[in-house]
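The sequence and the model come first. The text then goes through the nonpolar cores and the aromatic contacts.

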Amino acid sequence: MSVTIHRRATWAPYVAEEHREHAAANPQRSANPNWNPIGGVFIHHRGGSNPLGNDYETGIACRQDIADIYESHRGNDQDFDGDIGYNFLVCRHGNIYEGRGYERGEANVAGYVDEDPDLGRNAAFYSICALMRSNHTATEDMLRAYRELIGHLREEAPMRAGNRILPHSYQFDTDCPGNLTMYAQKGSTIDPAAPWTGIADIYVFEAQKWVNAAYQGAPGYKRCPEDGRTGWSTVLSLTQGLQHEHGISPTVQNFGPGTFDAVKRRDTLPNEEYKLNLIRIYNAALWCKGYWTSTALAYWDSDSEDALRTLYSHAGLSSSDASLRHKMWPHVARALLRMDQFRLVAQGDGNIRRLQQRLNSRYVAGIGIPAMGLVPCDGYYSRDVQQGFMMALQYELGIPLDSVNGYFGPGTQAGLRGRGSGRITGDLCRLFRSACYVNSPVPAGTGQASVAYNPADIDTDAETSTHVQWLTAFQRFSQIPVTGTNDYTTWAQLLVSSGDTDRPASGCDCITEITADRGRQLRDAGYQIVGRYLDEHLPPDDPYYLGKALKPGEAQTILDAGLKFFPIFQYNGTQLGNFTYPKGYDQGRAAHHKAVEHRIPPSTCIYFAVDYDAMDIEIDSNIKPYFQGVKDALAELGNRYGFGVYGSRNVCSRVSHEVGARWSLVSGMSWGFSGNLGFPLPQNWSFNQVREDKFRPGWDLDHDVWRQGADPGVSTLVSS
């Protein structure tokens, strides 16, 4: 790890002349036989505000300050051994300066960490001081320098540092290292073992410190990390503080109906509030939302009021109507204490944001649907937005307010078959066309560019040519009847990943062996292709053994019945821990060998399964590395077989675009998966599971729509 450390001679010219020779000399070797920095590093800063006003604007100012530290420490020979107490110093410009270097420092205060005699605060830790005061914040250059220095001390220094990163205040009564405290911990942005996450927020940090101190004794309270990073743990701790202030005990990490009703009963806006802790909670929540509010948590000032009014506006709500502002306050309070965003975020879509704001203004503030809360207004069509959209649709279909629940159930389906499938205008038409927009773009056809929905068509009832063109393209792409109208099957395909579960399908998959008789039954029922598993990871004597693997000779039996088949590979794909690069590599090799064993021809696509609702963060951390392992294994074996992906729409799209899966087998019947809510059908979909079918007693199938012109499956075998 390349790191530049400026030697003592760079700051020595600024010390008193009689001390310069000593200051410029190499650090003296530690006389303490216990010096071994196995613990790690302690982080320091320069203390309170400097009355002389040194803001370290220049490199000279930084070096002069180091000289001042040296003179101060040298004068206290008993504590600092006649030298500067810090091992290294880091300035706001990203420069690293040598103090005692790799020898024992004396700045961490005597004693032991966690009462461990092997972890002396001075004997087992380097001390690194930031040239900043309590009124300063760290620059990115400073943080990067800390990160590089810590990595160097761990990997390259003559005396290697352990992995702990501690603030000077750890088990010691001091405010040091001030605003650096939120970084002085494992996993922060200065930890080279963790991803770089940039600068944290000092006001979020203050909120975290306050809420932990204020409610540590409240029944049920869970501390949030004090790291200056907004996250669920912080807003849920603030939620518990809110509950405690409203007399709810024990507190829980959920803003549920009880908390909502308590805020509603109090009916007190923040600018009317007299309870200082509630004001602190509201200001803290605004900081966590990214709004500039009062820097003194206990005061609701003009910045606080402007921030709250801006949030109302971002959510699509009016803050000028006092009555409406009171009515919506419980909803806004709940939104404050969630991670929902109401600003248009990077890569967000302005047209989707207008839809989100319309859902809030018409259906939450206007209609007042009891089950509906504010949806995010960030420009992303997410699970929560889908839920709000479904509630709005149910209302427009005439479902009674008390029955609106956001589920695609029998009542909603009946409404779509009736009122929804006739001529629609106004808000019902706007919802239909909004659903078209969020499912855009779609491929127009082989060799043709994709068609994006025209946002100008959302707010009109006119049957424009662009609307009809997109709708027919969507119907062709989804392989549903091309009617160019808002019929039930089209509504269903727009709204839920399973679509119309009664639609005909020529594909299926199952764990059951396909015998000659079963093959005939499938063929007679209209099926043309069946998915079967190449292998099973459990032995036959395991109680969870399913016997799902393709049996010897079964592939030929399927073909002899006039069917095709497509191979699936799944070893316990229902758990995150299954998905790592090494497991993907091993399973890619296993799938290849099984496919060869069953005489499956080259170029066949094998679908590797992600059989659970993987979140985006898990796709990044585990799913993509797993598929990269599959890809690399198949490549090493000559790319005889291609790989596809089975999973939610989001999993399929991301693995296809980012790792290179050839085809997608979509778990559409798992319509409740977050990865199926708010995500369009993958452009490379080949099969879409739309329902589970009890085909015969003891024989269950997944009913799969097989896309014309996509994966041809296996229709012949090769010689062994």
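What follows covers the cores, then the ring pairs, then the charges over rings.

This is a predicted model, in which local features need pLDDT of at least 70, side-chain atom pairs count only at pLDDT 80 or more, and totals for chains, interfaces and linings use all residues. Residues are numbered from 1 along each chain as its sequence is written, and side-chain values use heavy atoms, with hydrogens and water left out.

A nonpolar core is a set of buried Ala, Val, Leu, Ile, Met, Phe, Trp, Tyr and Cys residues joined through side-chain atoms within 4.5 Å; buried means under 20% relative accessible area (1.4 Å probe, protein chains only). The largest core has 140 residues, and Trp329, Leu359, Leu522, Ile623 and Phe627 touch the most other members. Helix α8 (residues 276-289) gives the most to this core, 9 residues. A second, separate core of 30 residues includes Val41 and Met132.

The structure holds 28 aromatic pairs (Phe, Tyr or six-membered Trp rings with centres within 6.5 Å; planes under 30 degrees apart are stacked, over 60 edge-to-face, the rest tilted). The pair of Trp35 and Tyr126 is edge-to-face, because the centres are 5.4 Å apart and the planes at 85°. Trp35 is buried at 7% relative accessibility, and Tyr126 at 0%. Phe566 and Phe687 are stacked, 4.0 Å centre to centre with 20° between the planes. Ring pairs also link Phe579, Tyr612, Tyr626, Phe627 and Phe643 into a cluster.

A charge sits over a ring if NZ of Lys or CZ of Arg is within 6 Å of the ring centre and within 35 degrees of the ring normal. Arg343 lies over Tyr291 at 4.1 Å from the ring centre, and Arg417 over Tyr488 at 3.7 Å.

Key. Buried means under 20% relative accessible area, exposed over 50%, partly exposed in between (1.4 Å probe, protein chains only). Helices (H or I, at least four residues) and strands (E, at least two) are DSSP runs, numbered from the N terminus.
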